[in-house]
Amino acid sequence: MGLPAVAAAVDFPLSGTISVGGQSGALPNGGAFTGSGYDQASGVIAPGTFTFPQSSTTYTSPLGPVVVAYQLSQTGQSSGQVAADGVAALTAATLRLQVISASSPLGPINVGTCVLEPIIVALAGTGSSSGLQLSDPGFTIPPVGATDCGGFGSQINQAIAGDDNSIDLLMAGDFAPPSDQDTIFVDGFEVP
């Protein structure tokens, strides 16, 4: 028995917001769910990968505003399903957050290698002809070691590690739910 046919691979554009440590901001422009596809007959969302361009955000610190450049990416793939009633979900996405650089009013901050992972995001919501509206109201960003990130691990953990995080995103595309066809038997034969 094979899987339902899914259209050729597509990159579905992403938009939305992410809240980290209670501080909300827009997802990086240009993000996409890449290499996926959608079969409207079955509601199957083919495996794809969340990709985001490098971006930056500003955090308030005792030194003043700190500008942090970061890269959010997915390790592995996620797939999913849209049900006939429009309820949709993806398999858990394992994300990786890399702090690339940081600077304060006093100058650049050497963050060395600074990676927070695994970040497990379980996205669920609804599918429609205008896209998938998905969210995870509470995911955890694991801490780094206190001496990691150029010796600033404790400060980075204070700013972004923990479970006060959420994500709301729109995956643009036609994700109209599949038909809800009841099977009817006429004279012993199955009729859609």
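Mentor: Let us begin with a term: two residues are in contact when they have heavy atoms within 4.5 Å. Bear in mind as well that this is a predicted model.

Trainee: What percentage of the 192 residues is buried?

Mentor: A residue is counted as buried when its relative accessible area is under 20%. The accessible surface of the protein comes to about 10000 Å², with 56% of it belonging to carbon and sulfur atoms. Of the 192 residues, the buried part is 37%.

Trainee: Which two cysteines form the disulfide, and what is its handedness?

Mentor: A search of the whole structure finds one disulfide, and it joins Cys114 to Cys149 with an S to S distance of 2.0 Å. The pair links distant parts of the chain, 35 residues apart, since Cys114 sits in the loop between strand 11 (107–109) and strand 12 (115–121) while Cys149 belongs to helix 1 (residues 148–151). Both cysteines are buried. Because the torsion about the S-S bond of Cys114 and Cys149 is about 80°, the disulfide is right-handed.

Trainee: Which strands each supply at least two residues of the lining of the largest cavity?

Mentor: The count comes to one cavity of 30 Å³ or more, and about 40 Å³ of space lies in the largest cavity. Its lining is made up of Phe50, Phe52, Leu72, Ala93, Leu95, Val121, Leu123, Ile167 and Leu169, which divide into nine nonpolar, no polar and no charged residues. The strands that each supply at least two of the lining residues are strand 10 (93–104) and strand 15 (162–172).

Trainee: How do the residues lining the largest pocket divide into nonpolar, polar and charged, and what are the counts?

Mentor: The largest pocket holds about 740 Å³ of space, and of the 33 residues that line it, the closest to its centre are Tyr59, Val68, Ile156, Ala159 and Ile160. Several elements each supply at least two lining residues, among them strand 6 (55–61), strand 7 (64–75) and helix 2 (153–160). The lining divides into 24 nonpolar, nine polar and no charged residues.

Trainee: Is Leu14 buried or exposed?

Mentor: Leu14 lies in strand 1, and beyond its neighbours within four places in sequence it is in contact with residues including Phe33, Phe50, Phe52 and Leu169. Its C-alpha is 7.2 Å from that of Gly30, 16 residues away in sequence. With a relative accessibility of 8%, Leu14 counts as buried.

Trainee: What is the relative accessible area of Thr140, and which category does it fall into?

Mentor: Thr140 is in strand 14, and, not counting residues up to four places away in sequence, it touches Ile119, Ile120, Gly162, Asp163 and Asn165. Thr140 and Ser166 are 26 residues apart in sequence and 8.8 Å apart in space, C-alpha to C-alpha. The category that lies between under 20% and over 50% is the one needed here, so Thr140, with a relative accessible area of 43%, is partly exposed.

Conventions. Residues are numbered from 1 along each chain as its sequence is written. This is a predicted model: local features need pLDDT of at least 70, side-chain atom pairs count only at pLDDT 80 or more; totals for chains, interfaces and linings use all residues. Side-chain values use heavy atoms; hydrogens and water are left out. Buried means under 20% relative accessible area, exposed over 50%, partly exposed in between (1.4 Å probe, protein chains only). Accessible areas come from the Shrake-Rupley method with a 1.4 Å probe; for residues, only the protein chains shown count as cover. On a 1 Å grid over the protein atoms alone, a cavity is a set of points where a 1.4 Å probe fits but cannot get out, and a pocket is an open set with protein on both sides within 12 Å along at least five of seven lines; lining residues have an atom within 4 Å of a point. Grid points are joined across faces, edges and corners, and a volume is the space filled by probe spheres set on the points. Helices (H or I, at least four residues) and strands (E, at least two) are DSSP runs, numbered from the N terminus. Ala, Val, Leu, Ile, Met, Phe, Trp, Tyr, Cys and Pro count as nonpolar, Asp, Glu, Lys and Arg as charged, and the others, Gly among them, as polar. A disulfide is a pair of cysteine sulfur atoms within 2.5 Å.
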